[in-house]
Amino acid sequence: MDFSSKILENAVNEVSRLPGIGKRTALRLVLHLLKQPKENTKYLTEALLHLRNDVKNCEKCFNISDTVLCAICSSPKRNPEIVCVVEDIRDVMAIESTSQFHGLYHVLGGKISPIEGIGPQNLQIDSLVKKIAVGEIKELIFALSSTMEGDTTNFYIYKQIEKFDITTSTIARGIAVGDELEFADEVTLGRSIVNRIPFAQSLRS
């Protein structure tokens, strides 16, 4: 792809680094920005800088937050005794969109994957076990994607906490095996949360 402007080429190269954005799409987006009033580009730039500099992780659940505690953890309407374990922030958004879950979350930040060099020590598993050890959680819902890595992570956590007096459940398999949670439709995901089953039972299925 030939560019008449080095500045344009640099902008396209940077935009194309985004997931799912190829060079042609990046060029289209950059040219669109060039046609907009300068104020619009300024607002976009400020929003991105604000995002990068000021967004943080909730100290309790590790969800994305503007404050020390996210809106979910600080809400008096949520049940703190039920915690849903998810892989990342997108899964929190997916489950929240169903309006079927009223407990709290714990975001692991990924799944155990030896091939990718991700072990338990790279995830927020120790912090979860410490929460359970304190006794503030009565039920833990495993809501990781039904993949080999997801099942491995679920089982690892289950073995770490089986000595504690806590109910463990997993979302019902309305989610197809191998599917990522974020791509499930709201109705199916909502039913999976409501119809969750004991985790030990899922090991025998």
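These legends go with a set of close-up views of one predicted protein model.

The model is predicted, so local features are given only where pLDDT is at least 70 and side-chain atom pairs only at pLDDT 80 or more, while totals for chains, interfaces and linings use all residues. Residues are numbered from 1 along each chain as its sequence is written, and side-chain values use heavy atoms, with hydrogens and water left out.

**View 1. The whole chain, to get your bearings.**
The protein chain has eight helices and seven strands. Both kinds of element are DSSP runs numbered from the N terminus: helices are H or I with at least four residues, strands are E with at least two. Of the 205 residues, 37% count as buried; that word means under 20% relative accessible area, while exposed means over 50% and partly exposed is in between (1.4 Å probe, protein chains only). Contacts here are heavy atoms within 4.5 Å. Among those with a separation of 6 or more, 55% join residues 24 or more positions apart.

A pocket is found on a 1 Å grid over the protein atoms alone, as an open set of points where a 1.4 Å probe fits, with protein on both sides within 12 Å along at least five of seven lines; lining residues have an atom within 4 Å of a point. Points are joined across faces, edges and corners, and the volume is the space filled by probe spheres set on them. Helices H1 (6-15), H2 (23-35) and H3 (38-54) each put at least two residues into the lining, and H1 gives the most, with five. Look for Ile7, Leu8, Ala11, Val30 and Leu34, which are among the lining residues, as are Gln36, Lys38 and Thr41. By class, the lining has seven nonpolar, three polar and two charged residues. For that tally, Ala, Val, Leu, Ile, Met, Phe, Trp, Tyr, Cys and Pro are nonpolar, Asp, Glu, Lys and Arg are charged, and the others, Gly among them, are polar.

**View 2. The second largest pocket.**
This pocket has a volume of about 220 Å³. Its lining is made up of Glu14, Val15, Leu18, Leu29, Leu33, Leu44, Thr45 and Leu48. H1, H2 and H3 again supply at least two residues each, but here H3 has the largest share, with three. Sorted by class, there are six nonpolar residues, one polar and one charged.

**View 3. An aromatic pair, Phe101 with Tyr105.**
One aromatic pair turns up in a search of the whole structure. The ring centres of Phe101 and Tyr105 sit 5.2 Å apart with planes at 65 degrees, so the pair is edge-to-face. To pair, rings of Phe, Tyr or Trp (its six-membered ring) need centres within 6.5 Å; planes under 30 degrees apart are stacked, over 60 edge-to-face, and the rest tilted. Phe101 is buried at 6% relative accessible area, and so is Tyr105, at 2%.

A nonpolar core is a set of buried Ala, Val, Leu, Ile, Met, Phe, Trp, Tyr and Cys residues joined through side-chain atoms within 4.5 Å. Of the 39 residues in the largest one, Cys84, Ile95, Leu140 and Ile157 touch the most other members. S3 gives the most to this core, with five residues. Beyond its neighbours within four places in sequence, Leu140 contacts residues including Val83, Val85, Leu128, Ile132, Ile157 and Ile161. Ile161 lies in H6 and is buried, at 1% relative accessibility.

Phe62 has a phi near 70 degrees, a positive value in a residue other than glycine. It lies in the loop between S1 (56-57) and S2 (64-65). Ser99, in the loop between H4 and S4, also has a positive phi, near 60 degrees. Which of them is buried, and which is exposed? Phe62 is buried, with a relative accessible area of 19%, whereas Ser99 is exposed at 53%.

**View 4. Ser65 in strand S2.**
Ser65 is found in S2 and is buried, with a relative accessible area of 6%. Leaving out residues up to four places away in sequence, Ser65 touches Val55, Lys56, Cys58 and Cys70. Its C-alpha is 9.1 Å from that of Asp54, which is 11 residues away along the chain.
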